[in-house]
Every structure is written in structure tokens, then in C-alpha cells.
Amino acid sequence: MITVTAPLWIGVVFGILFGGVGEVWGIGNPETLIRLARWKDRLLVGCLAIACAIGALALYGLYALGISMHFSPKPVYVVGVAIGGLLFGAGMAVSGYVPGSELMALGEGRRDALYAFPGGVLGAAAWTMLYQTAAGRWLLHTAGYGDVIASGSVHHIRPVFTLLIAAVYAVALLAGTAFLPRYSGGRSWVMQARTGQISPRDQESMRDTAAYLAEGGLRQNCSNGLHSVVAADVPDSNFYSRIKLSTSVFIGLLVVLAIFLHQIFGESTTYSWLAGRLFLPSFDYSNVAIHKVGWEPFSDIGTFLGALLAALFVSRHFQGFRPVIPPSWRNRFGNGPVKRALGSFGGAFVMMFGARMTDGCTSGHLLSGGVQMAASAWVFAIAVFIGMTATARFVYGNARAER
């Protein structure tokens, strides 16, 4: 089989590409993930589903052709992954951040991220301390089933059979995306294609999305053709619109390329690596993180740089660290900077604690795991959905999301 192992610095290039796409989608803006938690805007669900569908077909198709892949799905230990996923979803709903989007938000110049990032590092440190206790061992070893993908153990892959499963998996994800309305109360791509019209509710949501994404950003440069296309496409209610479809496919293929290059696509291990280097060098989990981290510190630096470049020259969303409060938060709690700082810090702490308990996050579980058809990715996804929607209902209640 053809085998390639990339040098670690290549992670910077991958991170720039990933961070740039994420910033263009608006993932660096905490309101995007808060609205996801409130189940009002499913942008990330649709884009990740398309990425995983295309990625799975490419990954197992190439493997069936004799190209070696560095398969590394997260192991299934049901109790730890489920509890960690619940915590991850709860923390995301409060802070509006996941590990990768914190770095994108720093690149975007969001003040929230100045509080979320240290909260994430301390959340990773808290898991490092719990890891070597009896409770930590129980979480990691209860109901453990190993490295399982849709066709069985990842160590005994039958290439053609697994490719057939990947084809069914891809069709299911693409069809689900076609029938899923992006906005609450709106119409799916199928209904839009059938009627040939965008509903008034979708039109209202699109205008509001464009407004909150641009809030606090740089002066809009109408002469920038790419900016104009992105600004019109990203709020669009159609998951299969030109920019969203092409970037989703690109991210799916980028994950496959990372797996081919003998690296894993993830963001959160860096936080444990950093906590181990700074505070807890003698702890068991610090040794685990330092041993397995790979190119993630480089790709995380790249994520920051990619978001910075995209925010300055493509989306024009660069904030300059001005005190911009997400609409859902200010409609519920007001414009007070202290409350928002506490929400960003505390939510990121809980989110990252859950991420390290499950050994992965949105990138490592939902994206990389989803492309590999990992069973752990779906346990994590279900737990995150429950955790984020329950927490968002409690925290935000019936407060308006709109500006």
C-alpha cells in the first residue's frame, strides 16, 4: 500500500485552511453555536453532514484502491463519552464555543475568546487531575468496546464491504441534509426546490444572520468580489448553495488527506498538552497528551492564522476585540461585560472538561470520527445534542435570538 507520513509543520497549512473556512461559515462568532444549541440555526449540522458524507466515500474508496490510511477513530467507552458529550454540549450552549472556534474567535478578534481560551485550558487541566483517580478510570473503562466503525473493528476492515456501507452512509447524510431546514420554522432544500421560493421566515432569518455576523466588524468593502459572494451565500438557508457546498466538500477531503498523511484531525488535545506543559508536567494524562499530540499544536496555530486572514480579507468580520455581546446572550442577560466574561470562561471550562473526558471534540469526534464512520462519533453527537438543547432551554428560555 502507498504510505506517507507528513512532517509536523504541515499542520500549520491544514489549520490555516480549516480556520479560514470555519471563520467564513461564522463559527468563530459565538452566536452561531448558541443558535445551534437553541436549535434555531443548524448551519454546522448541515455542513458537517456533507463533509462527513463526501469524506467517508473518499476515505474508504481510496483505501479499497490500496492506499494506506491512518485510521484512528476514538474508542467507544459509553459512560465516559456520554457524560463528556453532555458536558461538552452544556458548556458550548453557554459559551458559544468549541475548541476550534475559540481559536477562530481569537483570530477574528473577539473579546469573548480572551476569556474562553483560558477557561478551556483550565477545563483540560481539571480532566488531567481527574484522569488518574478511581472516578477517572471508571469513566474510561466502563462499557468499553474499543475502536469500532460502522463495519466493525477498525483493525479488521474489509475494504469493499466497508466502502458499500460508506456509500449508504453518505446517501443518508446527504438526504438528511436535503430535508433538514436550516432555520427554525423555515423550509428545507427539497421544499425550496419544489416550490421555487424562499419562505418569508427564511428571508427574515437570513437578514438577521447577515446582520449579527457583520456586527462589530470592519467596514464592508463592496469592491471585494469574494466578500460579496460570501456575505450573500453564508446566511442563505440552502445547505447546497455554492459556497457552503464547496467548502463542506473541501473540509471532508481535507480530513481524508490528513488521515492519509498519518495525522489526526482535531483541536482539543493541544489544550491538554498546554496544561501539562504549563501546570501539570508530572500527571499521567499530561504524559498521554504529550505522547499523542502529533501536529495539533501546529494545526491550532494555523486555525488562528486562517481565521485572522479570512476575517481581515474575506468576511470582514474582524472585531478588534471590541465589546460585542452575542444577541441571544444580551437579550437574556443584558450588555454587562462581566456576566458575559463569566459565561464565556465558565462555559468553555465545562465544554473542554467534557471534550477531554471523551478524548475529542467537534473536530476529533464529529468531523474526523464522522468521516471514519466511528461509533464513538454518534454516541458523542447524541449526547452533545441532548446537553446543548437542554442547557440552552434552561439558560436562554424564550429570549429572542434576533438582534
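Predicted model: local features only at pLDDT ≥ 70, side-chain atom pairs only at ≥ 80, totals over all residues.
## Packing of H18 and H19

Two packed helices are described by the angle between their axes and the distance between the axes. Helix H18 spans residues 362-371, and helix H19 spans residues 375-396. Their axes lie 8 Å apart, at an angle of about 130°. H18 is therefore oblique to H19. The crossing of H18 past H19 is left-handed.

## Residues at the contact

H18 contributes Thr362, His365, Leu366, Gly369 and Gly370. On the H19 side, these meet Ser376, Ala377, Phe380 and Ala381. By class, the contact holds four nonpolar and five polar residues. It has no charged residues.

## The loop between H18 and H19

Met373 sits in the loop between H18 and H19. Its phi is positive, near 60°, and Met373 is not a glycine. Is Met373 buried or exposed? Met373 has a relative accessibility of 2%, so it counts as buried. The cut-off for buried is under 20%.

## The loop between H7 and S2

Ala143 is another non-glycine residue with a positive phi, here about 55°. Ala143 lies in the loop that runs between helix H7 (134-141) and strand S2 (144-146). Its relative accessibility is 32%, so Ala143 counts as partly exposed. That class lies between the cut-offs of 20% for buried and 50% for exposed.

Technical notes. Residues numbered from 1 in each chain as written. Heavy atoms only, no water. Axes fitted to C-alpha atoms, helices over the stretch in contact; angles between N-to-C directions. Helix = DSSP H or I, 4+ residues; strand = E, 2+ residues; numbered from the N terminus. Parallel < 35°, antiparallel > 145°, perpendicular 65-115°, else oblique. Left-handed = near helix turned anticlockwise from the far one by under 90°. Contact = heavy atoms within 4.5 Å. Nonpolar A, V, L, I, M, F, W, Y, C, P; charged D, E, K, R; others polar. Buried < 20%, exposed > 50% of the residue type's maximum accessible area, 1.4 Å probe, protein only.
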